[in-house]
Amino acid sequence: MLVDERILTLFKRNCQHTLTYWSVFFSFGLCIAFLGPTILDLRCQTQSTLQEITWVFFSQQFCLLIGSSIGGAFKRTLLCALSALFLSSLIISVVFAIIPLCHNVLLLAVAMAVAGLAMGIIDTIANIQLVKIYQKDSAVFLQALHFFIGFGALVSPLIADPFLSETNCVVGNSTENATEIMHHLRNTLSGSPAHNVSQYTLPTEGEVTTSVSYAFWIMALINLPVPIAVFVLMYRERLIPCCGSGSPRLLDRDELAMETQGAGDQEPEPKEDAGGHGDLFSCCQNENLRGLPPSFFGIHILGGMVLFMTDGIVGAYAGFVYTYAVTPPMSLAHKTAGYLASVFWAAITAGRLVSIPLSYRFQPVRLLMVNLAGVIVTVLLLLIFYTSSVFLFVGTCLLGLFLSSIFPCMLAYTEDILDYQGCATTVLVTSAGLGEMVLQVLVGSVIHSEGSYSFLLCGMIIGCIGFTLFFGLLLFHRMHRNYLTGTSKKTAMVEEPTADCAKQ
């Protein structure tokens, strides 16, 4: 049988909760992927430069980081967790609806900051609760969870593509703005042909011609069933005030779920205060962290740094592959380039779907090794065949496949090493959000100043750093395993004389 009967029984017992957590990650995916293909249209709408619109990425990712850091505070009771998920998914629909009304880059940045906060809360709560419900069996369900990010991220570029403009626009009608944009387009590989300014539309003061507003309104409607699904779960659990029932602790449900494992030998769930799955600040203040070996902290830090790099690549590639494709040396048509984001997220979606059975059969560390090596090889090939538009699509597909399962595999790997006692989930989610925030802004600034070819060079450097950090994580894993082995031997030596004395 493809899936263990025990896991299937466990899923059936927690079916509605699991499906709800998966559905809110669809909202997350919708919101994370639309900026890349629509960035030039939003630049026209807000009458801003490419460098200014790049800070919209920063506002979204910065607030996503804040949401990830504080998200654990909402999971102490089922009422708090589901209320936070309901409001967060509803906020995403509202933000989609008001984006077309934001004709100033500052207003757009504020709207995306609110959406980022909602996304961060969704990210932390859904990951933590699945890990707590399924524990050592969580790898399969985490892969499925992150499949829904890819699915949502696949849908949003497909919706946006028919409404994308066919031409670039220049902010206002001033010579200074036109010169700035043309300098960015020309600042590519040495010897690349110059663009003729006549091919760009130069609108008059205040003129904005874009149909991308319809795409955002469609996405707002598509996302509405998600908060409805969360509301239905709240109603089923009698958490709506009119139902007149108290709110059970999430921990109680999780312990009930674990009974299906047959479970006389199952260890009890750690208390909320002692466990490490709260918000980032409570993790840092946890008194149980005192006296732990350096390897314990090294696993948290290096695991987070690997995801800082790999999720940074995901964010930067999804955000700027469209911009890279429409500038020299590629110079693809805007409609054609718009499909790149869809191909990238389709590959991530397919990769996470394939990873569900793979994670059941292979250890997460092996999948991580293959995926990280695949990222480096793929970016290297993209650098070699930098003039081939065909290989750009092929390489985008391969890159999405290799990046797809790194986050859930890393989460399952580190939680298993630490026996679900540390702060791995919170640290990893926060680090991933920080990587997307910092590296998107960094890569966008480098592209603006150095030209489009630097886009792939940045990806190569980041990938190599992430792979090196992963080897450091393996070293700390070995150190931590030796520490646990030594501790267990000392405990056994202490218990053995005690048992002999009891016999005498």
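These legends accompany several close-up views of a predicted model.

**View 1. The protein chain as a whole is built with helices and no strands.** Welcome to the overview: the chain has 19 helices and zero strands. Of its 504 residues, 56% are buried. Among contacts with a separation of 6 or more, 84% join residues 24 or more positions apart. The chain exposes about 20800 Å², and carbon and sulfur atoms supply 66% of that area.

**View 2. Helices H5 and H6 pack against each other.** Here you can follow H5 (residues 78-98) alongside H6 (residues 105-134), with their axes 9 Å apart. The angle between the two is about 150 degrees; angles over 145 degrees count as roughly antiparallel, and H5 and H6 are therefore roughly antiparallel to each other. Their crossing is left-handed.

**View 3. A closer look at the contact of H5 with H6.** From H5, the contributing residues include Ala81, Leu85, Ile92 and Ile98. On the H6 side, look for Ala111, Met112, Ala118, Met119 and Ile125, among others. Ser88 and Ser89 of H5 also take part. Sorted by type, the contact residues comprise 16 nonpolar, two polar and no charged.

**View 4. Thr18 in helix H2.** Thr18 sits in H2, which spans residues 15-33. Is this residue buried or exposed? Thr18 has a relative accessible area of 0%, and buried means under 20%, so Thr18 is buried. Leaving aside neighbours within four places in sequence, Thr18 is in contact with Phe11, Leu130, Tyr134 and Phe141.

Technical notes. Residues numbered from 1 in each chain as written. Predicted model: local features only at pLDDT ≥ 70, side-chain atom pairs only at ≥ 80, totals over all residues. Heavy atoms only, no water. Axes fitted to C-alpha atoms, helices over the stretch in contact; angles between N-to-C directions. Helix = DSSP H or I, 4+ residues; strand = E, 2+ residues; numbered from the N terminus. Parallel < 35°, antiparallel > 145°, perpendicular 65-115°, else oblique. Left-handed = near helix turned anticlockwise from the far one by under 90°. Contact = heavy atoms within 4.5 Å. Nonpolar A, V, L, I, M, F, W, Y, C, P; charged D, E, K, R; others polar. Buried < 20%, exposed > 50% of the residue type's maximum accessible area, 1.4 Å probe, protein only. Areas by Shrake-Rupley, 256 points an atom, 1.4 Å probe, with all protein chains shown as cover.
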